[in-house]
Structures are given as C-alpha cells and as structure tokens.
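User: I am new to this structure. Please pick one part and take me through it closely.

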Amino acid sequence: SPMCLFCGSPLPKGKIMFRDVCPDCGKDIHTCRHCRFYKAGVYRDCAETVPEEVKDKDRNNFCEYFSPVAKVEAGGAKPVDDAKKAFDKLFG
C-alpha cells in the first residue's frame with residue numbers, strides 16, 4: 001500500500017483528496033512526489049500530459065491525474081537519486 005514519503009507511514013485507504021494530509025506526520029499527501037506519474041527530469045516532471053506545471057512537488061495540488069504511487073521510500077528519497085545511481089553504475 002502507498003506510504004508517506006516523509007515518515008514512511010501507510011497512507012489512508014481509498015481516494016486521496018486534494019487537501020489530505022498524512023495521519024501520522026501531518027504533511028501533504030496529494031502531491032506530485034506521492035503520485036505514480038511523477039518522473040523527475042521529464043517534461044514538467046510528469047509522465048502524464050498535465051496542462052500546467054506544478055511548481056512545488058512536495059505540496060498539495062489540484063492535479064486531476066493524481067494516482068498514489070505503490071511504494072515511496074521514507075525520508076524523502078527522490079527518483080532522480082535512483083536514476084543518478086543507475087547512471088553512475090553504468091558509467092562510473
């Protein structure tokens with residue numbers, strides 16, 4: 001089940017609404033970084049064709065494409081970090 005990227009707690013079951021927060025740490029959860037379409041480095045950092053860019057990827061937004069990611073690393077690990085590690089492994 002989806003987990004909070006800030007504290008690692010399971011996110012609430014069911015639809016995550018625009019203003020929802022993590023029940024444990026109180027941080028915003030309807031965010032780009034909690035979304036399965038978040039892809040750092042692609043156009044607007046989103047795999048979907050969003051009509052406008054969301055500037056702050058860690059804050060609640062009103063994106064209709066939002067779909068919680070299956071698993072997010074606690075502590076704020078970013079997909080770009082994983083991509084850099086993979087790149088370094090190939091060419092390092």
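Analyst: Start with Arg44, which counts as partly exposed because its relative accessibility is 23%. The scale is simple: buried means under 20% relative accessible area, exposed means over 50%, and partly exposed lies in between, with a 1.4 Å probe and protein chains only.

A word on the source. This is a predicted model, where local features need pLDDT of at least 70, side-chain atom pairs count only at pLDDT 80 or more, and totals for chains, interfaces and linings use all residues. Residues are numbered from 1 along each chain as its sequence is written, and side-chain values use heavy atoms, leaving out hydrogens and water.

Now the place. Arg44 sits in the segment before helix H1 (79-91). Helices here are DSSP runs of H or I with at least four residues, numbered from the N terminus. Asp45 is also found in the segment before H1.

Look at the backbone there. Most residues other than glycine have a negative phi. Arg44 has a positive phi, near 60°. Asp45 is not a glycine, yet its phi is positive too, at about 55°. Asp45 counts as partly exposed, at 22% relative accessibility.

Next, the salt bridges. Such a bridge needs a side-chain nitrogen of Lys or Arg within 4 Å of a carboxyl oxygen of Asp or Glu. The count comes to three.

One joins Asp28 and Arg59, at 3.6 Å from N to O. Asp28 and Arg59 lie in the segment before H1, so this pair ties together parts 31 residues apart in sequence. Asp28 is buried, at 13% relative accessibility.

Another joins Arg33 and Asp58, with the closest N and O atoms 2.6 Å apart. These residues also lie in the segment before H1, so the pair links parts 25 residues apart in sequence. Arg33 is buried, with a relative accessible area of 9%. Asp58 is partly exposed, at 28%.

Glu53 and Lys55 form a bridge as well, with the closest N and O atoms 3.5 Å apart. Glu53 is partly exposed, at 38% relative accessibility. Lys55 is exposed, at 70%.

One more contact: the charged end of Lys27 sits over the ring of Phe6, 5.4 Å from its centre. That rule asks for NZ of Lys or CZ of Arg within 6 Å of the ring centre and within 35 degrees of the ring normal.

Note on methods:
Helices (H or I, at least four residues) and strands (E, at least two) are DSSP runs, numbered from the N terminus.
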